[in-house]
Amino acid sequence: MVNISFCRLGRSIPEPFAGYVMPYVRAELARLDGNTPCTVLGAIWNGLACAAAVAVWNSEAGELLSLFVDPKARRCGIAGKLVELLAEEGERRGVRALRCTYILNNDELAAMDALFLHRGGKLENSSPICGIHSDDFVDSPLLGPALRPGWKRGDAVALFSELSDAQRAELEIAEGLPYFLRPSAVGGKLDPSLSAAWLTDGKPVAFVLGFQSGDRMFCQSSVWRGPDAPHGSFRALIGTQVNQCWYRSGGSFVFFISPINSRSAAMAEWFTGGNYDPYGQREALLPLGEK
């Protein structure tokens, strides 16, 4: 007989539940100020910790930052119950919805979709994603060197964390830059140490944006090259981003690219050499308080 119970945890997630929350989410919890409410739940399966979920709340909605169930304890309704408990918490707080963004493939993607759809949720901004493991381009002449000690990014490349406020502002109004590629479009997800710009006479003329999407998982959200950028700037910028991911993860990682048009699809093909796994990115919205 399977015995399942659930418990509320604090921001400093204790072992063994901490193993079911990705490190970057635990770091995000540690950075939250005391005025930002959050809920951390754990699940216990036959006396052993088997799952955890994390959500943060604002006046309008909650955001599901993490949800993971041990493979040995799946298909028992644990993930659904954790979402149900978080939905009840959101209703008590008077928020209107619970949001979640996730990148998964195959059965895991289908299971997460069903988790929200079954409860009346909606899938928004669904898009295909190319996922490539860093081990697959270690020997690549294009990007392999960026995964080796001693690689240098070049004097013309600067991380976003090194740009001045004026240079960042200039990126938002660059001529010919679509609004959906602007750094502001990425919002709070943008990671300045995983984003880089090519500078010509101190002016940013090309960039690549990125953020961490999971434990040893990174996402390239957009790239742009202006008319004044040299042709080789893309290779240098993507190499810089890959190098930063390598150092951040401490080794191997999975890198995601989202091709939004034929041009970006061709770049993804070049970047991966055609060797990638198909993933899907979703933004799910679960309305609360609606009957």
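Here are a few questions and answers about this predicted model.

Residues are numbered from 1 along each chain as its sequence is written. Local features need pLDDT of at least 70, side-chain atom pairs count only at pLDDT 80 or more, totals for chains, interfaces and linings use all residues, and side-chain values use heavy atoms, with hydrogens and water left out.

Q: Is T39 buried or exposed?
A: Let's start with T39, which sits in strand β2, residues 38-45 (strands are DSSP runs of E, at least two residues, and helices runs of H or I, at least four, numbered from the N terminus). Buried means under 20% relative accessible area, exposed over 50%, and partly exposed in between, with a 1.4 Å probe and protein chains only. T39 has a relative accessible area of 2%, so it is buried.

Q: Which side chain does the side chain of T39 join in a polar contact of 2.9 Å?
A: A polar contact is a pair of N or O atoms within 3.5 Å; within protein, one must be able to donate a hydrogen and the other to accept it, and residues adjacent in sequence count only if both atoms are side-chain atoms. For T39, the partner at 2.9 Å is W57.

Q: Which residue stands opposite L98 in β12?
A: Strand β5 spans residues 97-104. It runs antiparallel to β12, residues 277-287, with eight bridges joining them (two strands pair if DSSP finds at least two bridges between them). Opposite L98 stands L286.
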